Amino acid sequence: MKNTQLGLPIGTTLDRFIKSKQDDFSFATGELSQLLRDIALAGKIVNREINRAGLIDLGGAYGKQNVQGEDQQKLDVVADIRFIRALKNGGEVCAMVSEERDEIIELDNPGGKYVVAIDPLDGSSNIDVNVSIGTIFSIYRRKSPVGGEVTHEDVLQKGSEQIAAGYLLYGSSTMMIYTTGRGVFGFTYEPSLGEYFLSHQNISIPKQGKIYSVNEGSYNDFESPLKDYISYCKDQRYAGRYIGSLVADFHRNLLKGGIYIYPNTGSYPNGKLRLLYECNALAFIVEQAGGKATDGKGKRIMEVEPTELHQRVPFYVGSVEMVEKVESYLKETV
Ligand code: AHG
Ligand code: MN
Ligand code: MN
């Protein structure tokens, strides 16, 4: 080993980084910092359970369906319990919306100033085949008075109201990526030390990319202008990359440049992805990284007014020039 590598600093831990950025928040006296730490802790626990799933019979289906009518995987349920418990015990969150729960989850933290929308485990179809999966979260300030009853207005907030958002990616390494509206930062988990270390500062997505991510199995359902755009991608010799885990597809495109599309299809006339706990968080992150997120028809995802907890929305997200290009094809149908 060259002596230049001896004694290299091990880098900035997530805790230290959060604390250093805490002063960016006039209103927070550390609660948001604690909330981010609570999410990071739950991520460590879920990461461990994912890594052991095949050994302790945590793989496979749970045997029930969630409110979306989707078969829950055991790890969906485990992750849901872990994140709800971590945020309940952390005390900063008064209510949550989870993909795995029909209704608003009240956490009996009347003093909690925050609300969290979460997809506890994204990419469930990939759990048993060892492909990367993730967790997606959005953080809002509650609208109702602290100490009072939680209301629907607390959880049905536009994406533009988010004060923080992020995702965990359980992949070849486990990462936590988040934004509080002042750039996007990535942390890589070092299991031997039980710490996340800053590995990606001020992530920015290339304005143009050469990757398009869409499930072409639904091609026959696509409206013609979208078919024309996909032909354009092929003419440009872009790479088709779609692994069925939104977080993994999004993360790759965030770092390399690209576009992810989940449009209206026969099975999902309003798109498959959920506004509150998938699209808004990734829209916040991509905009903070200089990218774009819309419904394909020029509507900024973070401006979509939520009316239901599990509302779906068509999702076009990624490099700004690629989103604008596909919209130039789709705008004829507006
Ligand atoms: P979840 O596992 O939380 O239900 O999310 C799955 C989502 C997303 O992760 C992925 O990109 C998409 O569903 C895949 O859907 P298709 O199989 O219809 O392409
Ligand atoms: Mn999901
Ligand atoms: Mn999920």
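Let's start at the metal: the manganese ion (ligand 3) is coordinated by Glu99 (OE), Asp119 (OD) and Leu121 (O), at 2.1 to 2.2 Å. Donors here are N, O and S atoms within 2.8 Å of the metal (3.2 Å for Na, K and Ca), and as water is not among the atoms, sites may look incomplete. Glu99 sits in the loop between strand S3 (93–98) and strand S4 (105–106), while Leu121 is in strand S5 (residues 114–122), so this pair ties together parts 22 residues apart in sequence. Helices (H or I, at least four residues) and strands (E, at least two) are DSSP runs, numbered from the N terminus. Both Glu99 and Leu121 are buried, where buried means under 20% relative accessible area, exposed over 50%, and partly exposed in between (1.4 Å probe, protein chains only).

A word on the ground rules: this is a predicted model, with local features needing pLDDT of at least 70 and side-chain atom pairs counting only at pLDDT 80 or more, while totals for chains, interfaces and linings use all residues. Residues are numbered from 1 along each chain as its sequence is written, chains are lettered from A and ligands numbered from 1 in the order in which they are written, and side-chain values use heavy atoms, with hydrogens and water left out.

Back to the metals. Asp119 bridges the manganese ion (ligand 2) and the manganese ion (ligand 3), which lie 3.7 Å apart. Asp122 belongs to strand S5 and Glu278 to helix H7 (residues 275–288), so here the pair ties together parts 156 residues apart in sequence. Asp122 is buried, at 5% relative accessible area, and Glu278 is buried too, at 1%.

Now for the salt bridges. The rule is a side-chain nitrogen of Lys or Arg within 4 Å of a carboxyl oxygen of Asp or Glu, and by it the count comes to 15. Glu31 and Lys113 pair up at 2.8 Å, N to O. They link distant parts of the chain, with Glu31 in helix H2 and Lys113 in the loop between S4 and S5, 82 residues apart. Glu31 is buried at 13%, whereas Lys113 is partly exposed at 31%. Asp80 also forms a salt bridge, with Arg101, the closest N and O atoms being 2.5 Å apart. Asp80 lies in helix H3 (residues 74–90) and Arg101 in the loop between S3 and S4. Asp80 counts as buried at 3%, and Arg101 as partly exposed at 32%.

What about the nonpolar interior? In soluble globular proteins, nonpolar side chains tend to be buried together. A nonpolar core is a set of buried Ala, Val, Leu, Ile, Met, Phe, Trp, Tyr and Cys residues joined through side-chain atoms within 4.5 Å. The largest one has 43 residues, and within it Ile139 and Met176 touch the most other members. Its largest share, eight residues, comes from helix H2 (residues 31–52). A second, separate core of 33 residues includes Ile136, Val184, Ala248 and Leu282. Beyond neighbours within four places in sequence, Met176 is in contact (heavy atoms within 4.5 Å) with residues including Leu14, Leu36, Phe137 and Tyr196.
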